[in-house]
Amino acid sequence: MLDSYSGSRLFLRLIFFLFFCFSLGLLFGRVIEIVMLGSIGLLFWHYHQISRLNYWLWHDRRLTPPNGRGSWEGVFNGIYRLQGKNRKRISQLAYILGRFRQGAEALPDAAVVLDSEYNILWCNQLARLLLGFVWPQDSGQRIDNLLRHPDFSLYLKKGEYAEPFELAAPLSENGVLEIRIMPYGTGQYLFIARDITHVRHLEGMRKDFVANVSHELKTPLTVLQGYLEMMQGMAEPDSPNMKAMVQMQQQTTRMKSMVEQLLVLSRIEDASNIDLEQTINMSALFNLLVEEAKALSQGQYQLHFFCEEKCDVHGDEVQLRSACSNLISNAIRYTPEGGVIEISWKHTPAGGVFSVKDTGEGIAIQHLGRLTERFYRVDSARSRGSGGTGLGLAITKHALSHHQSELNIVSELGKGSTFSFVIPQHLLEMSPIAV
Ligand code: ADP
């Protein structure tokens, strides 16, 4: 039976022993000698019990402790009970760990557990197949030592994991992996890699299809437009055919501009790695935009311009021009005549800000998040009437993403809208005059 000894019980035992020695001493007339002898004996007995405990703890293979006597019985039993509890806890933990590992092995993705320094603590079977990890040899290795890519190291260094990271698969030639990192527990990370080669392949096919169809449509549309113009010139101005021909001409022009926009979008999507060594002269670009705005406005709008001199951008001029032009042409198309349009390029602490503000019809809040989707239009009929294709803001979004920027839209129905974007500081080149 496991038993514990209370402090008072131990003390009573000691008193009883000393009293026994004292009585024996009285009987033989040698109180001090017998009490001392008893105390020394008690000391040796305790020493013996300690050495038994020590032997059992360090050398004995038996699980059960030796039989303790007297006050030591409680100590031996207590240690045995503690051991039993620990064994139970360890087996419970092993069971939980086993279940976690089974769950992680069943994942359709490569899963790797990392410590706070991104050293590998554990990985599942798929991680070995997809990432080429060797287990257990790679345990404790930093993950960016095994997945060597400068952009991946930068991604880890930044520590912003809201967006996934795409990495070329280390074991397959054209494979693409989508990496997600999730912090969990105390300073640990769960690293998940998913093979998205198939998705990227389908996306590539879709892009190629759109680009090819657009390209193939260009020639027949140009031919159609040419003949329509010719026939229009030959038809009587008031003849019934004239109205039909004007409409055919309008629709062909619309189709042509849609095809051209689709081609621009495909080209911008394809050119994901732009040459950041190129410097765009923003003052010159702004002057072109001013001319374009004036031509579109035809004197029917109040136009205001501001351009920060000598604040240039590293990037692709064609793409950035396309992004800015789309915002300006939208402002003019969706603002009633007489409206005010402010176009500016300013240097701020956050970076270079390009902004187009209008006093047009404005956009209801529920549409704002979807405006950059292809063919999304708040009012299709109106957009079509204004010559819109529904692709302008999609082009702008892609062009801006190549310049590490995104489109900000602030709008109020009936009052107007402000479309702006910020080019980050490291892509700007300030000339000494402006500093
Ligand atoms: P679209 O060629 O139809 O103008 P965009 O992609 O350029 O296509 O714009 C998407 C939609 O966003 C437009 O159809 C229009 O409804 C809305 N929009 C864009 N710019 C403005 C603006 N300045 N004011 C009001 N609505 C706008």
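# A walk through the predicted model

Let us begin at a turn: in the hairpin of S4 and S5, which has three residues between the strands, Gly 185 takes a positive phi near 60°. Before going on, a word on what you are looking at: this is a predicted model, in which local features need pLDDT of at least 70 and side-chain atom pairs count only at pLDDT 80 or more, while totals for chains, interfaces and linings use all residues. Residues are numbered from 1 along each chain as its sequence is written, and side-chain values use heavy atoms, with hydrogens and water left out.

The names of the elements are simple to read: helices (H or I, at least four residues) and strands (E, at least two) are DSSP runs, numbered from the N terminus. Two strands pair if DSSP finds at least two bridges between them. Strands of a sheet pair through backbone hydrogen bonds, either parallel or antiparallel.

Look for Ile 192 in S5, which has Arg 180 opposite it. Ala 111 also stands opposite Ile 192. Strand S1 (residues 110–114) runs antiparallel to strand S5 (residues 188–195), with five bridges joining the two.

Tyr 118 leads us to the aromatic side chains. Rings of Phe, Tyr and Trp (its six-membered ring) pair if their centres lie within 6.5 Å; planes under 30 degrees apart count as stacked, over 60 as edge-to-face and the rest as tilted. Tyr 118 belongs to one aromatic cluster with Phe 152, Tyr 155, Tyr 161, Phe 165, Tyr 189 and Phe 191.

How many aromatic pairs does the structure hold? There are 10 aromatic pairs. One of them joins Trp 72 and Phe 76 in a tilted arrangement, 6.1 Å centre to centre and with 55° between the planes. These two are separated by about one helical turn, because they sit four residues apart in helix H3 (residues 71–106). Both Trp 72 and Phe 76 are buried (buried means under 20% relative accessible area, exposed over 50%, partly exposed in between, with a 1.4 Å probe and protein chains only). The rings of Phe 286 and Phe 305 make an edge-to-face pair, since their planes are at 90°, with centres 6.3 Å apart. Phe 286 belongs to helix H9 (residues 282–297) and Phe 305 to strand S7 (residues 302–307), so this pair ties together parts that are 19 residues apart in sequence. Phe 286 is buried at 5% relative accessibility, whereas Phe 305 is partly exposed at 30%.

Next, find helix H7 (residues 197–234), which holds Ser 214. Is Ser 214 buried or exposed? Ser 214 is buried, with a relative accessible area of 1%. Apart from neighbours within four places in sequence, Ser 214 is in contact (heavy atoms within 4.5 Å) with Val 259, Leu 262 and Leu 263. Met 231 also lies in helix H7, but this residue is partly exposed, at 38% relative accessible area.

Now for the charged side chains. Side chains of opposite charge can pair when their charged atoms come close. A salt bridge is a side-chain nitrogen of Lys or Arg within 4 Å of a carboxyl oxygen of Asp or Glu, and the whole structure has 11 salt bridges. Among them is the one between Arg 374 and Glu 269, at 2.3 Å from N to O. Arg 374 lies in the loop between helix H11 (365–368) and helix H12 (380–385) and Glu 269 in helix H8 (residues 240–270), so the pair ties together parts that are 105 residues apart in sequence. Arg 374 is partly exposed at 29% relative accessibility, while Glu 269 is buried at 11%. Asp 60 and Arg 62 also meet in a salt bridge, at 2.7 Å from N to O. Glu 166, Arg 200 and Glu 203 are linked in a network of salt bridges.

To finish, visit Leu 26 in helix H1 (residues 7–28). Leu 26 is exposed at 55% relative accessibility. From Leu 26 to Gly 299 the distance is 129 Å, C-alpha to C-alpha, and the two are 273 residues apart in sequence.
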